[in-house]
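Visitor: I have a new model open and would like to learn how to read its features. Where shall we begin?

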Amino acid sequence: AIAVVAIWIGAGIFSAIVGPLLFWGLMATLLATGIAVGLFASFPKVKVPQRAELKQGNPKQMVARTEIWLEAQRPALPPPAQVLVDQLGVQLDALGLQLTGLGDDEPAMAEVRELVGEYIPETIDNYRKIPAHLRSEEYAGKTADARLVESLTKLSGEVDRVTRRLAEGALDDLAIKSRYLEYRYGGAEALEEGMPDTGVPLPDFSAIPTKQER
């Protein structure tokens, strides 16, 4: 869009300074617009990782690769599964942010590796191995489409659980800081009356002088 606007502004400036564009000037402007649209519509393209690459790198890189790979599989899935793939994409974005700054020795990292490197791609692979005309036929009580949706729902819930687990520390820190600020600037009475019970123990603030005491 920026390139197209720049081309037409340039054509207008040229017309105002040099003279009317006339037929060939207009054709050149239209040609430049078409070239710009074609160029920027196809470049740059995000490279879709190969299936074997999903297990490579650290967990954050694995999450990013799996998200791109999963989006590329979306057109081959039934509509209900496509909705879940979109949901998983948002969840993987959030999970990737939670992994920033964490070491590979964190307990949750093993779960992340299993989820994004094994369970999610294996679920999609197993479904795509089934011929298209058999996916809607019932087998062992359920169709392949229904099993895929069921599995993706469970995986989505597991990604959400891991993300929440990784965020617990930050949530606790924020709750403690909020309670401290309420005590510091709102008084102990306001703290007891106004603050909800978060389940986070309140630090001992008795040794810290209040603003009035200072």
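Guide: Let's begin with helices: they are DSSP runs of H or I with at least four residues, numbered from the N terminus. This is a predicted model, and in it L30 sits in helix α2.

Visitor: Is L30 buried, partly exposed or exposed?

Guide: Partly exposed covers the range between under 20% (buried) and over 50% (exposed). L30 counts as partly exposed because its relative accessibility is 41%.

Visitor: Which residues make the nonpolar surface patch?

Guide: L30 is one of them, together with W8, L22, F23, W24, L26 and M27, and the patch comes to about 780 Å². Helix α2, residues 22–42, gives the most to this patch, with six residues.

Visitor: Which residues of α3 are buried?

Guide: P59, M62, V63, T66, W69, L70 and Q73 are buried there. They lie on the same side of α3, because the arc they cover around the axis is only 135°. Their packing partners are α4 (79–98) and α5 (107–128).

Visitor: And how should I read A146, buried or partly exposed?

Guide: A146 belongs to helix α6, residues 144–186. With a relative accessible area of 34%, A146 is partly exposed. Its C-alpha is 9.0 Å from that of P80, although 66 residues separate A146 and P80 along the chain.

Note on methods. Residues are numbered from 1 along each chain as its sequence is written. This is a predicted model: local features need pLDDT of at least 70, side-chain atom pairs count only at pLDDT 80 or more; totals for chains, interfaces and linings use all residues. Side-chain values use heavy atoms; hydrogens and water are left out. Patches are made of residues with over 30% relative accessible area and no salt bridge: like charges are joined within 9 Å, nonpolar side chains (Val, Leu, Ile, Met, Phe, Trp, Tyr) within 5 Å. Accessible areas come from the Shrake-Rupley method with a 1.4 Å probe; for residues, only the protein chains shown count as cover. A salt bridge is a side-chain nitrogen of Lys or Arg within 4 Å of a carboxyl oxygen of Asp or Glu. Helices (H or I, at least four residues) and strands (E, at least two) are DSSP runs, numbered from the N terminus. Buried means under 20% relative accessible area, exposed over 50%, partly exposed in between (1.4 Å probe, protein chains only). The arc is that of the directions from the helix axis to the C-beta atoms. Contact means heavy atoms within 4.5 Å.
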